Amino acid sequence: MELRIMKIHNFSAGPCILPASVLSEAAQAVSNFNDSGLSLIEISHRSPEFVSVMEEARALVKELLNLPDRFDVLFLQGGASLGFLTAAYNFLPDGGRAAYIDTGTWANKAVKEAKNLGGIDVIGSSKDTNYNQIPDCGAVSKGSAYLHFTSNNTIFGTQFRETPATEVPLIADMSSDIFSKEFDANPFHLIYAGAQKNMGPAGTVMYAFDKEAAGKTNRNIPSYLDLEVHASKDSMFNTPAVFPVYVTMLTLRWIKALGGVKAMELRNSKKAKLMYGEIDRNALFKGHANEASRSTMNATFQLKDEAHAHAFDALWKGAGISGIKGHRSVGGYRASMYNALPEESVQVLVDVMKELERKA
Ligand SMILES: *Cc1c(COP(=O)(O)O)cnc(C)c1O
């Protein structure tokens, strides 16, 4: 293998950076899994070796998120994008209504899919200000089956600081901030998250759901979309995405070894403080998200004067920084600081911003 000359600082919004130790263990498992002489990806998913991977991954989710006993955990396919529909299939009663908060692209897609199955009330939206904040919301009507929200808005760089307070059960797409900070799972019926933002590679989506609440919809649920079908088969209704589940399991072990979600929260708040501190201090830059809604995972920012773009781009590329170009709907830059991104990488980006200021 060729030696990497320069360290790359990977700020990719997703698929995202993973811990180096996880990558090397995963690489080893692809050539020789647990000294079996076989690759992880050429053995039966029903073999005791892989069944124990799946069981450990599911158990680690329960432990790290401190989920109540009534929750079950699954690793399925179709990404969070299929999760938008799966959520409604399992928790929106036939002829019923549900409330949604519109905080951008992903929330919109969740609304669109749920509308296939029932009446949807959007109780708050920040569309008018290009989703630069978590909106104030109207009341959730008592008849709503649940309130759905997107805990972190990957594209616009906004994040719910607190779980929304409401009488009805909650459902959240936590794709881009799962395992980044502590929260109380008790008010939730369902939490789902695509693996590739903060857990593992693309190819699997995690569902954590209240078994007692699922499926009370009075409608036929197609087998693959039925969470209870998957739970009854221990997340092995069909061939699971063995490699993504394995890498996710390794990442969860890594989180646990570092002190769990609480330790991640501390790391992430330090990185965010450093990043936003420079965005606010440096006169050449401005943030996209309102201060009270800023995401600890994805910091979105712009140059006040586009004339500096050429010089800035050359500087960060020269420093080994990768993946900070903003999403086309926001423009500018986006520094994604998921769990595995070291503080050192944020410091390199901050130093580059300071250097631009000196040269400008
Ligand atoms: C990336 C992302 C998605 C889409 O996930 P897929 O696994 O690609 O379907 C959904 N929601 C959020 C918040 C995301 O960041």
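Student: Is Asn218 buried or exposed?
Tutor: Asn218 counts as exposed because its relative accessibility is 74%, where exposed means over 50% relative accessible area, buried means under 20%, and partly exposed lies in between, with a 1.4 Å probe and protein chains only. Please keep in mind that this is a predicted model, in which local features need pLDDT of at least 70 and side-chain atom pairs count only at pLDDT 80 or more, while totals for chains, interfaces and linings use all residues. Residues are numbered from 1 along each chain as its sequence is written, and side-chain values use heavy atoms, with hydrogens and water left out.

Student: What's the phi of Asn218, then, and where does that residue lie?
Tutor: Phi of Asn218 is positive, at about 60°, although the residue is not a glycine. Asn218 belongs to the loop between β10 and α5 (227-232), and here helices (H or I, at least four residues) and strands (E, at least two) are DSSP runs, numbered from the N terminus.

Student: And Tyr131, what is its phi?
Tutor: Tyr131 has a positive phi as well, near 55°, and is likewise a residue other than glycine. Tyr131 sits in the loop between β4 and β5, and with 6% relative accessibility this residue therefore counts as buried.

Student: Changing topic to peptide bonds, which residues does the cis one join?
Tutor: The cis peptide bond links Gly14 to Pro15, and its omega is about -10°. As for the setting, Pro15 is in the loop between β1 (9-10) and α1 (20-31).

Student: Back to β10, how many of its residues are buried?
Tutor: Strand β10, which spans residues 205-210, is mostly covered, and six of its six residues are buried.

Student: Which of them point which way?
Tutor: Val205, Tyr207 and Phe209 point one way from β10, whereas Met206, Ala208 and Asp210 point the other way, and all of these are buried.

Student: What runs alongside β10, parallel or antiparallel?
Tutor: Strand β2 (residues 71-76) runs antiparallel to β10 and is joined to it by six bridges, and two strands are said to pair if DSSP finds at least two bridges between them. Strand β9 (residues 188-194) is also antiparallel to β10, with five bridges joining these two strands.

Student: OK, how covered is β3?
Tutor: Strand β3, residues 97-102, is mostly covered too, since five of its six residues count as buried.

Student: How many bridges join β3 to β4, and how many to β5?
Tutor: There are six bridges between β3 and β4 (residues 119-125), and these two strands run parallel. Between β3 and β5 (residues 144-150) there are three bridges, and this pair of strands runs parallel as well.

Student: What does Arg97 face in those two strands?
Tutor: In β4, the bridge partner of Arg97 is Gly119, while in β5 the residue opposite Arg97 is Ser144. Arg97 thus has a partner in β4 and another in β5, and the loop that holds the buried Tyr131 is the one between β4 and β5.
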